[in-house]
Amino acid sequence: MAMREADPSKAYLLLEAGPIVLVATANKGRSNVMTMGFHMVMQHAPPLIGCIIGPWDHSFEALKATKECVIAIPTVDLAETVVDIGNCSGERQDKFETFGLTKADAKAVGAPLITECLANIECRVADDSQVESYNLWILEAVAIWVDDDRKERRTLHHNGDGTFTVDGSKLDLRERMPLWKDFQVEL
Ligand SMILES: Cc1cc2nc3c(=O)[nH]c(=O)nc-3n(C[C@H](O)[C@H](O)[C@H](O)COP(=O)(O)O)c2cc1C
């Protein structure tokens with residue numbers, strides 16, 4: 001069987017990183033929200049998450065100034081809103097108002113939680129040494145909130161080209177993972 005060679009710069013189309021998320025920030029009394037697809041879990045304890053947030057985002061300045069944000073996990077019912085949030089800047093508009101999102105106070109950070117989302121992860125910057133070279137922020141999760149009553153729980157996965165895959169069926173292979181039993185826990 002022949003393998004077709006493809007452009008290596010398109011590796012991101014094959015390595016989708018996880019659910020598309022919203023990143024909420026608050027700076028000088030103004031909150032903002034952006035969409036983020038490039039992120040990865042890096043470590044269990046302390047829990048570290050790598051995120052690409054660049055100077056093209058207005059949110060970059062808020063993150064730089066406050067060293068805090070909230071990563072909110074939207075579900076498929078918010079698909080169009082998530083895309084629209086990632087196609088406009090919060091520099092001159094309040095995106096929470098524009099998109100009808102509800103803020104709630106976080107416990108440990110100044111950025112707001114987004115109540116329409118399935119879960120919210122309060123984060124503090126743990127390491128910004130790779131920001132200048134790669135726009136890579138290493139964040140530590142300091143608190144998590146989950147909406148257990150929410151019926152719609154399917155997350156969205158960006159294929160890198162404006163199309164999205166919606167969570168489908170779940171394969172349970174836990175019995176084949178004796179080496180990793182400690183990680184078979186509920187949120
Ligand atoms: C599907 C999607 C995924 C995105 N992923 C990222 C990302 O991983 N990192 C990033 O810096 N910007 C990403 N963006 C772009 C930002 O969301 C966009 O620049 C947004 O307008 C920034 O908002 P702000 O200027 O109010 O901060 C993405 C946009 C979309 C639509």
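Close-up A. Let's start with Phe183, which counts as partly exposed because its relative accessibility is 44%, a value between the 20% limit for buried and the 50% limit for exposed. All views here come from a predicted model. Together with Met177, Leu179 and Trp180, Phe183 makes up a nonpolar patch on the surface. The accessible area of these four residues together is about 470 Å².

Close-up B. Four residues carry the chain through the hairpin from β3 to β4.

**Close-up C. A salt bridge between Asp7 and Lys10.** Side chains of opposite charge can pair when their charged atoms come close. The structure holds six salt bridges, and one of them is formed by the side chains of Asp7 and Lys10, with an N to O distance of 3.4 Å. Asp7 has a relative accessibility of 41%, so this residue counts as partly exposed. Lys10 is classed as partly exposed too, at 36% relative accessibility.

**Close-up D. Lys67 and Asp128, a link between two loops.** In this view, Lys67 and Asp128 form a salt bridge whose closest N and O atoms are 3.7 Å apart. Lys67 belongs to the loop between α2 (59-66) and β5 (68-73), while Asp128 belongs to the loop between β8 (119-127) and α5 (131-134), so the pair ties together parts that lie 61 residues apart in sequence. How accessible are the two partners? Lys67 is partly exposed, with a relative accessible area of 32%. Asp128 is also partly exposed, at 37% relative accessibility.

**Close-up E. Arg174 paired with Asp172.** Our last stop is the salt bridge between Arg174 and Asp172, where the closest N and O atoms are 2.7 Å apart. Arg174 counts as partly exposed because its relative accessibility is 43%. For Asp172 the relative accessibility is 48%, which also makes this residue partly exposed, as the exposed class needs over 50%.

Technical notes:
Residues are numbered from 1 along each chain as its sequence is written. This is a predicted model: local features need pLDDT of at least 70, side-chain atom pairs count only at pLDDT 80 or more; totals for chains, interfaces and linings use all residues. Side-chain values use heavy atoms; hydrogens and water are left out. Patches are made of residues with over 30% relative accessible area and no salt bridge: like charges are joined within 9 Å, nonpolar side chains (Val, Leu, Ile, Met, Phe, Trp, Tyr) within 5 Å. Accessible areas come from the Shrake-Rupley method with a 1.4 Å probe; for residues, only the protein chains shown count as cover. Buried means under 20% relative accessible area, exposed over 50%, partly exposed in between (1.4 Å probe, protein chains only). Two strands pair if DSSP finds at least two bridges between them.
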